[in-house]
Amino acid sequence: NISHDDDLVSLCNKEDIDIFRGDPVDVLQRIRDAADHFNVKTVVSCTGDNPLIDPYFIDEMINFHEKNKLEFTNSKGLPIGSYSYILEKRAIIKACKIKDRKDTEVWGEYFTKTGLFKFDSYTIDNDEFYMPKLRLTLDTMADYNFLTKLFSHFGKKNNLFSLRDIVFICKKHPELIKINSHIKQKKHLKIKIRNKYLNTVKVHN
């Protein structure tokens with residue numbers, strides 16, 4: 001709900017994309033409020049700074065999440081910036097109730113380290129996608145330069161490509177990975193639980 005998002009909102013309206021504008025700092029609350037707004041019970045979270053998430057793996061994660069009746073699902077085995085999360089609305093409400101921090105830019109540990117939620121990781125056990133130095137997120141100018149170079153390999157007309165296509169290009173042109181492989185993921189704030197819930201929540205390291 002901040003003014004510098006207005007251009008993005010205008011673009012979404014032009015493209016007939018449904019939007020919700022929520023708290024700019026409390027991401028977990030924003031997800032909860034968006035779930036209320038759109039009246040959904042299950043949420044797939046894909047952050048805007050990770051523009052290359054492959055819908056194939058989202059579908060696989062949803063199947064895994066539903067089959068195991070989970071409240072929170074993350075993924076392992078994919079490059080940085082190509083993962084998503086699946087959450088049940090009831091779990092989001094509970095996490096918002098116990099948290100004692102406004103800044104929830106990184107919120108996954110409320111579901112994985114409190115012992116309150118049924119969670120698991122969908123693991124992609126495929127060496128083809130194991131590229132720990134490949135960084136597909138957009139946090140820095142180096143990331144932007146990498147993505148610009150990557151997109152140029154697909155051409156202007158080929159705007160639909162999979163993670164497998166991306167991995168193929170990066171293996172064929174390893175100099176691409178070096179553009180932003182030196183960037184370190186920033187440390188995030190530790191989760192903080194409200195005092196009245198400390199007796200019922202045990203935070204695991």
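View 1. Welcome to a predicted model, in which local features need pLDDT of at least 70, side-chain atom pairs count only at pLDDT 80 or more, and totals for chains, interfaces and linings use all residues. Residues are numbered from 1 along each chain as its sequence is written, and side-chain values use heavy atoms, leaving out hydrogens and water. Helices (H or I, at least four residues) and strands (E, at least two) are DSSP runs, numbered from the N terminus.

**View 2. At the start of α3, Asp-54 meets Tyr-56.** Here a side-chain oxygen of Asp-54 comes to within 2.9 Å of the backbone nitrogen of Tyr-56.

**View 3. Helix α3 has a buried side.** Phe-57, Ile-58, Met-61, Phe-64 and His-65 are its buried residues (buried means under 20% relative accessible area, exposed over 50%, partly exposed in between, with a 1.4 Å probe and protein chains only). Down the axis of α3 these fall within an arc of 125 degrees, so they line one face of the helix; the arc is that of the directions from the helix axis to the C-beta atoms. They pack against β1 (42-45), β2 (72-76), β3 (85-88), β4 (119-123) and α7 (163-172). On the face turned away from that buried side sit the exposed residues Pro-55, Glu-66 and Lys-67.

**View 4. Asn-180 lies in the segment after α7.** This residue is buried, with a relative accessible area of 1%. Setting aside neighbours within four places in sequence, Asn-180 is in contact (heavy atoms within 4.5 Å) with Arg-135, Ala-142, Asp-143 and Phe-146.

Key: Polar contact = N/O pair within 3.5 Å; in protein donor to acceptor, adjacent residues only side chain to side chain.
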